[in-house]
Amino acid sequence: MKSALLASALLLTSLSFAQQQGQPPPNSTPPTFPREEKPQTQMPPDQEAQPLSTTQVQEQIQQGLNSEPSLSNAKVSAKTSEDSVVLVGTVENEKQHDLALRIAQSYAGDRKIIDKIKVQQQT
């Protein structure tokens with residue numbers, strides 16, 4: 001009876017060790033991909049972003065100027081060409097002037113900003 005009990009304990013122990021051989025230790029980080037499998041699809045290579053057209057740049061700048069609450073009573077418009085952005089109009093103070101320039105610069109890309117904005121100083 002003892003030998004049968006000992007044999008079954010030995011059998012259970014050897015089975016549990018056989019199952020655990022292919023598994024990582026319990027507190028280790030699992031691999032990103034299963035060892036035998038490779039990712040099924042390859043990611044496409046990075047593509048360079050297409051530069052925005054003159055019209056798209058002008059629309060983005062104008063939308064930025066129109067949607068800025070601080071410029072609600074300013075009258076500024078942008079005219080864009082392939083190499084420059086011309087800002088024309090009037091603002092009430094230097095703060096609005098600087099903000100309009102920053103908005104234009106954020107969308108202009110490599111285009112030069114030509115500032116024709118007039119500042120009305122209130123006295």
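This is a predicted model: local features need pLDDT of at least 70, side-chain atom pairs count only at pLDDT 80 or more; totals for chains, interfaces and linings use all residues.
## The β2–β3 pairing

Strand β2 (residues 84–91) runs parallel to β3, and the two are joined over 8 bridges. Strands here are DSSP runs of E, at least two residues long, while helices are runs of H or I with at least four, and both are numbered from the N terminus. Two strands count as paired if DSSP finds at least two bridges between them.

## The whole sheet

Step back and you'll find 3 strands in an open sheet, ordered β1-β2-β3, with mixed pairing. In general, strands of a sheet pair through backbone hydrogen bonds, either parallel or antiparallel. At the edges sit β1 (75–80) and β3 (112–119), each of which pairs on one side only. From one strand to the next, the twist averages 10 degrees.

## Helices on the sheet

Helix α2 packs on the sheet, where it touches β1 and β2, and its direction makes about 170 degrees with that of β1. Helix α3 lies across β2 and β3 and runs at about 160 degrees to β3. Angles like these run from 0 to 180 degrees between N-to-C directions, using axes fitted to C-alpha atoms (for helices, over the stretch in contact). Touching, or contact, means heavy atoms within 4.5 Å.

## Where α2 meets α3

How do these two helices sit against each other? The axes of α2 (residues 54–67) and α3 (residues 94–108) come within 9 Å and cross at roughly 150 degrees. That makes α2 roughly antiparallel to α3 (the label for angles over 145 degrees).

On the α2 side, the contact is made by V57, Q60, I61, G64 and L65, and on the α3 side by A100, I103, A104, Y107 and A108. Sort these residues and you get 8 nonpolar, 2 polar and no charged. Nonpolar covers Ala, Val, Leu, Ile, Met, Phe, Trp, Tyr, Cys and Pro; charged covers Asp, Glu, Lys and Arg; the others, Gly among them, are polar.

## The protein overall

In total there are 3 helices and 3 strands, following the pattern α-α-β-β-α-β along the sequence. Of the 123 residues, 21% count as buried (under 20% relative accessible area with a 1.4 Å probe, protein chains only). Among contacts with a separation of 6 or more, 58% come from residues 24 or more positions apart.

## About the numbers

Residues are numbered from 1 along each chain as its sequence is written, and side-chain values use heavy atoms, leaving out hydrogens and water. Local features need pLDDT of at least 70 and side-chain atom pairs count only at pLDDT 80 or more, while totals for chains, interfaces and linings use all residues.

Notes:
Angles under 35 degrees count as roughly parallel, over 145 as roughly antiparallel, 65 to 115 as roughly perpendicular and the rest as oblique. Buried means under 20% relative accessible area, exposed over 50%, partly exposed in between (1.4 Å probe, protein chains only).
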